[in-house]
Amino acid sequence: MLLNWTVMILYNYFSAMFVGPGYVPLGWTPEKSQDCMYLQYCKVCQSYKAPRSHHCRKCNRCVMKMDHHCPWINNCCGYQNHASFTLFLLLAPLGCIHASFIFVMTMYTQLYNRISFGWSSVKIDMSAAKRDPRPIIPFGLSAFAASLFALGLALGTTIAVGMLFIIQMKVILTNKTSIESWIEEKAKDRIQYYQTGETFIFPYDMGSKWKNFKQVFTWSGIPEGDGLDWPVRDGCHQYSLTIEQLKQKADKRIRSVRYRAVEDYSGVCCPVTKGVKTFFTTPCTEEPRIALSKGDLILATRGLKHWMYGEKILDSAGDGGVRERGWFPRKCVEKCQYDSEMDQPVDGEKKNR
């Protein structure tokens with residue numbers, strides 16, 4: 001049975017790794033040219049981003065129904081391998097629970113046969129068994145230490161991977177991805193900030209957990225659809241989510257603040273020369289850092305107490321060049337003073353947007 005767990009775990013693991021998430025074809029455009037106004041354009045892939053797709057900086061491709069990029073499979077989790085990845089997250093804890101049971105029972109039976117109870121003390125003799133002079137498996141001090149270490153690994157894997165499985169099942173039962181859950185939260189924040197009175201309805205939730213479950217898990221192992229067109233609930237259409245993404249992108253430009261670099265920054269993850277607090281509060285994310293030179297202009301879109309995230313303003317960016325986005329220390333920049341009131345949006349204008 002333990003070998004059966006191992007085979008199933010490795011099968012789903014390598015399936016998630018080598019099958020891959022599925023990528024939007026290079027140069028893809030929607031069938032109707034007027035639908036292009038609802039979609040974002042990817043300059044790297046030279047194509048429009050299909051609904052539910054996102055560009056992965058690690059894979060350097062637009063991934064269909066991208067959930068996240070997983071370093072453990074060295075690939076993205078998306079449309080084609082979402083089921084295999086989730087099954088791996090389920091089977092790994094189950095196999096580790098079985099292995100933990102074997103380790104616990106082994107140590108219990110072996111130690112029980114080696115314990116001598118006296119009137120004043122309890123002694124454990126690891127050299128030989130008291131009740132079983134011919135043990136099937138030799139169990140000495142080194143075997144006991146190895147079993148205890150393996151038990152700790154099995155229990156740690158069960159807890160860590162099990163929590164990831166619960167997170168994945170929550171998004172699957174609502175027919176979302178981790179990225180789409182974040183988009184939905186930002187939609188609520190945008191509506192509340194501008195007080196527009198609109199209501200954002202996630203278009204891909206079928207209204208039933210079982211129907212959402214069948215969107216990912218099928219008897220054939222092949223997910224439903226083609227990864228480009230998706231069934232939507234009543235009251236929504238195919239581009240409801242992409243329209244919300246365009247609104248959030250425009251809102252991010254409005255809320256962005258211009259900063260100027262006053263210190264050089266090499267782009268390292270944990271800079272030593274920028275202060276102790278900056279060193280120990282580096283963002284725990286795979287998002288990149290951007291190198292800064294004194295005088296560079298940056299549009300900051302979000303930030304922490306000692307770090308900020310933004311995009312470096314480049315002359316080539318407007319001509320289709322690659323944009324430089326990432327984190328940088330707040331200590332290295334200062335807020336630009338606007339030359340006129342027209343350069344900065346007024347709060348009243350932002351609220352009425």
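I began on helix 4, where the exposed residues W182 and Q192 sit on the face turned away from the buried side. I took exposed as over 50% relative accessible area, buried as under 20%, and partly exposed as in between, with a 1.4 Å probe and protein chains only. Helices (H or I, at least four residues) and strands (E, at least two) are DSSP runs numbered from the N terminus.

This is a predicted model, in which local features need pLDDT of at least 70, side-chain atom pairs count only at pLDDT 80 or more, and totals for chains, interfaces and linings use all residues. Residues are numbered from 1 along each chain as its sequence is written, and side-chain values use heavy atoms, without hydrogens and water.

I listed the buried residues of helix 4 as E180, I183, E184, A187, R190, I191 and Y194. Seen down the axis of helix 4, these fall within an arc of 120 degrees, so they line one face; the arc is that of the directions from the helix axis to the C-beta atoms. Just after helix 4, I found Q195 with a positive phi of about 55 degrees.

Next I looked up strand 9 (residues 257–261). It runs antiparallel to strand 10 (residues 297–303), with four bridges joining them; strands pair if DSSP finds at least two bridges between them. I noted A300 in strand 10 as the bridge partner of V257. Strand 9 also pairs with strand 13 (residues 333–335) in the antiparallel sense, over three bridges. There I found R260 opposite E334 of strand 13.

Last, I checked Y108 and placed it in helix 2.
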